[in-house]
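Trainee: Could you walk me through the spaces and the chain contacts in this one? I'd like to start with the pockets.

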Amino acid sequence: MRIAGDAVLHAPVGEVWDALLDPAILVRTIPGCERLESTGEHTYAMTVTAGVASITGTYAGTVELRDLDRPRSLTMRIAASGAPGTIGADVNVTFSGDDDHTTRLAYEADAVVGGTVGGVGQRMLTSVGRRRAGEFFTAVDDVLTGQAPAAAVDGGRTPSSGTDSEVGTVFTAPARTTGRDDFSKGLVVGGGLVLLGVVAGAVASRRRR
Amino acid sequence: MTTRLFGEPIRRVEDERLLRGDGQYVDDLGSDALHLAVVRSPHAHARIVDIDVDAALDVDGLVAIYTYDDLTGPLAEPLPLLIPHPNLTQGRTQYALAKDEVNHVGEAVAMVVATDRYAAEDAVDRIDVTYEPLPAVVGLDAARRAEHLVHDDVPGNVAARMGQSNGDAASAIASAPHRLSLDLQIERSASTPLEGRGVLARWDTEAHRMRVWSSTQTSTGVRAAIAAKLGLDLGQVDVMTPDVGGGFGVKIVHPWPEEVMVPFAARALGRPVKFTEDRREHFVSAAHERAQQHHVEVGFDDDGRILGLAVRFWHDNGAYTPYGLIVPIISSTQLLGPYKPGAYTVEFESLYTNTVIVTPYRGAGRPQGAFVMERTVDAIARYLGKDRIEVRETNFIQPQEMPYDHGLVFQDGKPLIYDSGDFPATLDKLKKLVGWEEFESFRAQARAEGRRVGIGLGCYVEGTGVGPYEGGHVQIETSGKVKVATGLTSQGQGHQTVFAQVVADELGVPIEDVEVVTGDTRRFPYAVGTFASRAAVMSGSAIALAARKVRAKALHIAADALEVDEADLEIVDGVVQVRGASKNQIALGTVAVLSNPLRYAFDRASVAATQFAVGDPTQPPVPEGQEPGLEGRDYYSPNQSTFANGMHAVVVETDPDTAEISILRYCVVHDCGPMINPRVVEGQIHGGVAQGVGGALYERMAYDEHGQLVNASFMDFLMPYVTEIPDTIEIDHLETPTPLNPLGIKGAGEAGVIPTAAALAAAIEDAEGFPITRMPISPSDLFELRRLHAQGDAGSERSDDR
């Protein structure tokens, strides 16, 4: 199934790009993200607890960022599985700076969902996906505009900006203590993980027998 | 010899559990199941523009939401047209979930699964469907005008045109001494069983098996439909029918959208799912029947003998035609009742409307047919100033004319040939039962008291026990208990009782030892279903044949064990014994042990059996052509239906001021051949008459011009209470056996409802003195008719004398 959407973030495109690749931020802004571990260049392993209506569960999976074309576009390849089912998706994300202060981010996901969560109906999955994505981007935008605090990482480590976290670094979702600058990174992965957990639900799974 | 149970009015074994509230209906099962609820169209005709489920996501307990887009493969195709017919050139069926367009209020658009019914309904309420309303075609007048179409690609809203003739009716009418033409109408009504539809499905994720419980009249049909729609092998699907709180025809339709979507959801979610229909849903999304407009031309002689009869009618089939043309074909053929017009021609159009589908409802087109024919015969009598009974007798098929071939094709595709019946005798019994000759003095007496009374008659013939077949399985266990299974279902008819009576007689066992299971595809996978007054005829016959096989095998083994001739044996109270030498005996349970040459003696019965030696030592333990076990399976497959008949007489009183209609007496003479259990037959007649009274005086489907059913509740739909039904329904029987089956029996299930509207219309007409040409009739309708006739605004009868 395909899910597409967009969001307007109130920060310059370069800043948004950098922000979106910071796992330390993602881990606490993605709904249900409990744990994120850097496993290599642009690859992460993570644990997300997500629910589609009454079907909730914990998914373990990976995210890989590919085709990086800073600050215009990238692709995320997502794979995860958990008790409620499995999710696989390629998410294309494009960035465009509307002006010096805002960035338009468009995503398009082609997803395959299996298992029970895949059996809940495509309209529902799409609807859940759009809603969670909306919540996520709103939250992120709140941070970018200073309306919400940014995140800290495990053990109080604050990652440097950029995309390459040291392999093995584990990010968890602690109490919120850090400032805005650190937060404004990692949105792209965040968008992807939202899709992973919920958004990227889909249709193909219903054909599973 | 054991007392013969066939013909005994024993109490129904079902009543013990049903009357104590111990029955098990679908909704009593599956307490662990998720609940499915349905988003239904609020429009009679509309295009679906968008379905937005977003607001439903906030409902705690929501599990899944399905729309047409979730359907794949055969499930994405329209539901089956169950009974195609060459004349049904424009057959249309709905999708399990509406695709692009809805064609009646109540059509399923989306389905929600949630942890309970409350959550499911809350989510249903929050699903926002955007519709583009289209003009609705409501009622036969609108359908015939065809200013708007129900289906864009069906010109004139005509699903089918069909005609049949026997002789040249037009010429016969043209040359007849007298002619009459009548316009006669029957409105919509519905089966309205107290238990609505219900489905429970469990998908076994390990064994890959689907188990479904449905409140249906055909478990085998539902099974086949689920397998086909979900891409499963038949062997992967079991369908069980538990106690069913009434069917009356509506539950023969299959599969309902819910019957495929509940199993679909159970498999998709890996959890049991159930659907329990509520009352409003039943009104707007199950099925209705009855609405027809008829035009009659009849030519007759001075005696009232019908020389030519030509009938045209228009049948409202609702939005779709899943059940084909069965109802109008039955109307067009069974209209003839016990009569033999010199020539007959009938033509009908089956028309689409933006209303609930029309499928057979108890009587299935016959109440309309009987209404048309009986009104016509009464009109002839009135025109000639003759007694209504005399005109009927003049037109009856005589007993010596049986079998009587009407020269028409019946609904089962076979020639319409009456196998048996003695119509003059039936009418004679009715005449005596109601006191026809004495009625005029009663009328005079009532008139003197300022009361207005009338008497009416209604005669019918009903094709019962239509094929193609049913089967039965009978097994005697080593305990001596007898297990019986047949595939068709029960909706409260008393099958467990009457089939046990048949088996007890055939095998010579106590009825307490006989246990009957119906409608469980695990026990008997081949069956058609319970409709068309066919269960006793079809399964009763099949079970009798199966029991005879078992009896033959039992006698064979017992003769071997007792070292006597089979012909000298009888079975009494479950024991095989030599006639006149009751010491030389063997229990049937022991025979069952001997029938299965095992080497293990693991219970008392098998130890007891060791005293007997059976079998030819030169042969294998299970000789060629034999099977282990004391059981038998057989099928009954007749070439044609068997025709039951009956005649009703009713005495009514109409209030001169309020036009209230009261039934003073209701008399039934009924011939369904030999009765297995007269109590059960009379129960069927009582229920049928009650349903017929409802259809004649109270029940109608009040659709407004937009296709909204404005009386879709029991507050507004006037199902009669016991207070509206006569305290006593006086019944007499005639038992004319049919040669067509081993028991000589005919069906009785629909009998009570068929001539009720005809008889009541006749009685009201007799009380009021003006023609009653449309039913049902309410006090308001009658009041209005009085006003019109007082003004001299005549009815819809035309006569043309020469």
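Mentor: First the terms: on a 1 Å grid over the protein atoms alone, a pocket is an open set of points with protein on both sides within 12 Å along at least five of seven lines, a cavity is a set of points where a 1.4 Å probe fits but cannot get out, and lining residues have an atom within 4 Å of a point. Grid points are joined across faces, edges and corners, and a volume is the space filled by probe spheres set on the points. This is a predicted model, in which local features need pLDDT of at least 70 and side-chain atom pairs count only at pLDDT 80 or more, while totals for chains, interfaces and linings use all residues. Residues are numbered from 1 along each chain as its sequence is written, chains are lettered from A in the order in which they are written, and side-chain values use heavy atoms, without hydrogens and water.

Trainee: OK, how much space lies in the second largest pocket?

Mentor: The second largest pocket holds about 820 Å³, and among its 39 lining residues Leu594(B), Ser595(B), Asn596(B), Pro597(B) and Val614(B) lie nearest its centre.

Trainee: Which element gives the largest share of that lining?

Mentor: That is α14(B), with four residues, where helices are DSSP runs of H or I with at least four residues, and strands are E runs of at least two, numbered from the N terminus.

Trainee: And what about cavities, how many of 30 Å³ or more are there?

Mentor: There are seven, and the largest cavity has about 150 Å³ of space. Of the 15 residues lining the largest cavity, Arg290(B), Pro367(B), Gly695(B), Ala696(B) and Ala757(B) are the closest to its centre, and α17(B) supplies the largest share of the lining, four residues.

Trainee: Switching topic, how many residues are in contact between chain A and chain B?

Mentor: Chain A brings 17 residues into contact with 21 residues of chain B, contact meaning heavy atoms within 4.5 Å.

Trainee: How many salt bridges are there between chain A and chain B?

Mentor: The count is three, a salt bridge being a side-chain nitrogen of Lys or Arg within 4 Å of a carboxyl oxygen of Asp or Glu. Arg123(A) forms a salt bridge with Asp69(B), their closest N and O atoms lying 2.9 Å apart.

Trainee: Which helix gives the most to the side of chain A that touches chain B?

Mentor: Helix α3 of chain A, residues 122-144, gives the most, with six residues.
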